[in-house]
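This briefing goes with the sequence and model shown below.

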Amino acid sequence: MFTAQDQTFMQRALELAERGLYTTTPNPRVGALIVRDGKIIGEGWHERAGEPHAEVNAVRDAKEKHGADAVKGATVYVTLEPCSHHGRTPPCADLLVREGAGQVIAAMEDPNPEVAGRGFARLRDAGIDVRCGLMENDARELNIGFVSRMTRGLPWVRLKVAASLDGKTALTNGQSQWITSPEARADGHAWRARACALLTGIGTVLEDDPQLNVREVATKRQPLKIIIDSRLQTPLEARILEGGNVLIACAVEDNEARVRLEAKGAEIVVLPNPNGKVELMDLLRELGRRKLNEIHVEAGFKLNGSMLREGCIDELLLYLAPSIIGDQAQGMFNLPALANLEGRTQLKLHKVSQVGPDLRILARTA
């Protein structure tokens, strides 16, 4: 159905889409090419919400270089189905119809219910040849959070852990800097940068006073910072509050603490469960309603354990250093003892690679 040349062009479109890795939220990352006679005549990608989509930029590029009729009869390669609805920008499907595109090859259908095949239908109704499914898995991986939010109403939650080879994250006294290498830490910041929000717990705030921002890679956008703080114990001098852009999820109505934290620029949401803790799944639903696609978690072993037990983790981003710390050190997850192995959490290895001297493992819970 698809040729080797088609694959080459779609690979280029995916590379373009990846340029928006840190900036498109809440929109998907999308790249597009205009091809005529086996040659690329226009390229584009979506950079941020409210700005032109990938198809618009590719069409504009082609017309600037090759004239007003550049797109007429040409093939458009795009990593996601062209939109068919009016959002902050006009429908891209209508643009391709007006420009007279001859063929559209897409990697995947848009999971957004407002599009979901309607863009393809609009193109076909105009007589444009449409094919879909080329390198679909690659396109889906690039937008795994957007797909999750559109299909489940939940963001994709990625939990990052740095540990020794025997699975220890800190000494018994809490010391953890640094178990892994500078290369692994920089790589971790790249994963932070692609997320819509960075989440931690009050235990980490009190013990480590993290900034919880992106520092090791260049980015035009800092993710939202989220603290799970059941009793609103976040200190007003905590570094995580600097610059605002903080959401605190709690389980109590404490107006005095709320006023103080709101004066520091934090927003408070109250989401209690029957045990006086934050109801984690309700928090994820709230984050989905706020159009957050990917959540990056860096927390302590207690919150890690709670999120894993309550089914809130989709993927583990695990960095293992080639070192041994010993049984008395802190582990990755605070979990109850099992009576048998049938109760263990099963994971699927998604990708394993080396980062500096350390091992990076992506493992998924489903």
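What share of the contacts in the protein with a separation of 6 or more comes from residues 24 or more positions apart? The share is 69%. The model is a predicted one, and its secondary structure consists of eleven helices and 14 strands. With a radius of gyration of 23 Å, close to the 21 Å that the globule rule gives for 366 residues, the protein is as compact as a globular protein of that length.

**Overall dimensions and surface**

- The C-alpha trace spans about 70 × 45 × 40 Å along the principal axes of the protein.
- Of the 366 residues, 51% are buried.

- Five strands make up an open sheet with mixed pairing, and their order is 2-1-3-4-5.
- Strand 2 (39–45) and strand 5 (129–132) are the edge strands, each of them pairing on one side only.
- From one strand to the next, the twist averages 15 degrees.
- Strands of a sheet pair through backbone hydrogen bonds, and the pairing can be parallel or antiparallel.
- Strand 1 (residues 31–36) and strand 2 run antiparallel and are joined by six bridges.
- Arg-36 has Lys-39 of strand 2 opposite it.

**Helices lying across the sheet**

- Helix 2 (residues 54–66) lies across strand 1, strand 2 and strand 3 (75–78). The angle at which helix 2 runs to strand 2 is about 140 degrees.
- Helix 4 (residues 118–125) lies across strand 4 (103–106) and strand 5. Helix 4 runs at about 150 degrees to strand 5.

**Helix 10**

- Helix 10 (residues 280–289) is mostly covered, with seven of its ten residues buried.
- The buried residues in helix 10 are Leu-280, Met-281, Leu-283, Leu-284, Glu-286, Leu-287 and Gly-288.
- An α-helix has 3.6 residues a turn, so residues three or four places apart point the same way.
- After helix 10 comes Lys-291, which has a positive phi near 65 degrees.

**Backbone details in loops**

- Most peptide bonds are trans, and most residues other than glycine have a negative phi.
- Thr-25 and Pro-26 are joined by a cis peptide bond, with omega at about 5 degrees. Pro-26 sits in the loop between helix 1 (4–17) and strand 1.
- Ala-116 is not a glycine, yet its phi is positive at about 35 degrees. The loop between strand 4 and helix 4 holds Ala-116. The relative accessible area of Ala-116 is 35%, so Ala-116 counts as partly exposed.
- Asn-245 likewise is not a glycine and has a positive phi, about 60 degrees. Asn-245 belongs to the loop between strand 8 (224–228) and strand 9 (246–250). With a relative accessible area of 38%, Asn-245 is partly exposed.

Conventions:
Residues are numbered from 1 along each chain as its sequence is written. This is a predicted model: local features need pLDDT of at least 70, side-chain atom pairs count only at pLDDT 80 or more; totals for chains, interfaces and linings use all residues. Side-chain values use heavy atoms; hydrogens and water are left out. Two strands pair if DSSP finds at least two bridges between them. Helices (H or I, at least four residues) and strands (E, at least two) are DSSP runs, numbered from the N terminus. Axes are lines fitted to C-alpha atoms, for helices over the stretch in contact, and angles run from 0 to 180 degrees between N-to-C directions. Contact means heavy atoms within 4.5 Å. Buried means under 20% relative accessible area, exposed over 50%, partly exposed in between (1.4 Å probe, protein chains only). The radius of gyration is taken over C-alpha atoms; the globule rule is 2.2 Å times the number of residues to the power 0.38.
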